[in-house]
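Biologist: Please show me the model, and then we can go through a few questions about it.

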Amino acid sequence: MKKAVCPGSFDPITNGHLDVIERASGLFDEVVIAVLVNNSKTGLFTIEERIEMITEAVQHLKNVKVDTWSGLLVDYCRAHNIAAIVKGLRAVSDFDYELQMAQMNLQLKGVDTLLMATKPAYSFLSSSLVREIARYGGDVSNLVPSRVLEDLSRKSQMSQGK
Ligand code: PNS
């Protein structure tokens, strides 16, 4: 069975992530979405909230599961017999960082990375921009799954003390 992992912070998951996950699920027998814990960053959503939002967004994909991991991604891959890391590549500006991580992961534990070109419609999309636009009341309804939209609005109301 060929397994791949789509790793990330997913704070929150966007339609761009979802596009890559959907296409990866057609290429592999099983895809694991790994929500990586980054202890040096405080996110908008807790890891549990991110997992809930992702689980709802991928419920139509029967070979996709969601997990979380704190540590090196390559150790997760080795422990779960995962052959490849799949990451979206939005633009040339992503390339240097993604290539560096891909080469590091290869030399650390021999884990391959496949960089999947995102749809041009999502090349400008990032979780950080979604958070910022939502914080100031901008419209992100066509950028994130509906459940994420609800949760963003709930967070925004909480921060305004409503
Ligand atoms: O969504 P992001 O923040 O761009 O994802 C980056 C992520 C989480 C995939 C990357 O930081 C990662 O793999 N973190 C796990 C720790 C690790 O393995 N670091 C070494 C990378 S070469």
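Biologist: Which helices each supply at least two residues of the lining of the second largest pocket?
Modeller: This is a predicted model. The second largest pocket holds about 160 Å³ of space. Residues that line this pocket include Arg131, Leu152 and Lys155. The helices that each give at least two residues to the lining are H5 and H6.

Biologist: Which element gives the largest share of that lining?
Modeller: By class, the lining of the second largest pocket has three nonpolar, three polar and three charged residues. The largest share is four residues, and the element that supplies them is H6.

Biologist: What distance separates the end C-alpha atoms of helix H6?
Modeller: Helix H6 covers residues 146–159, which is 14 residues. At 1.5 Å a residue, the helix should therefore span 20 Å. The distance between the end C-alpha atoms agrees with this, at 20 Å.

Biologist: Which helices are included in what covers the buried residues of H6?
Modeller: The buried residues in H6 are Arg147, Val148, Asp151, Leu152, Lys155 and Ser156. An α-helix has 3.6 residues a turn, so residues three or four places apart point the same way. What covers the buried residues of H6 includes helix H2 (47–57) and helix H5 (127–135).

Biologist: Which element gives the largest share of the lining of the largest pocket?
Modeller: The largest pocket holds about 1,300 Å³ of space. Of its 46 lining residues, the closest to its centre are Pro7, Gly8, Ser9, Lys87 and Glu98. The lining divides into 21 nonpolar, 17 polar and eight charged residues. The largest share of the lining, nine residues, comes from H4.

Note on methods
Residues numbered from 1 in each chain as written. Predicted model: local features only at pLDDT ≥ 70, side-chain atom pairs only at ≥ 80, totals over all residues. Heavy atoms only, no water. Expected span 1.5 Å × (residues − 1). Buried < 20%, exposed > 50% of the residue type's maximum accessible area, 1.4 Å probe, protein only. Contact = heavy atoms within 4.5 Å. 1 Å grid on protein atoms, 1.4 Å probe; cavity = no way out; pocket = protein on both sides within 12 Å on 5 of 7 lines; lining within 4 Å. Points joined across faces, edges and corners; volume = space filled by probe spheres on them. Nonpolar A, V, L, I, M, F, W, Y, C, P; charged D, E, K, R; others polar.
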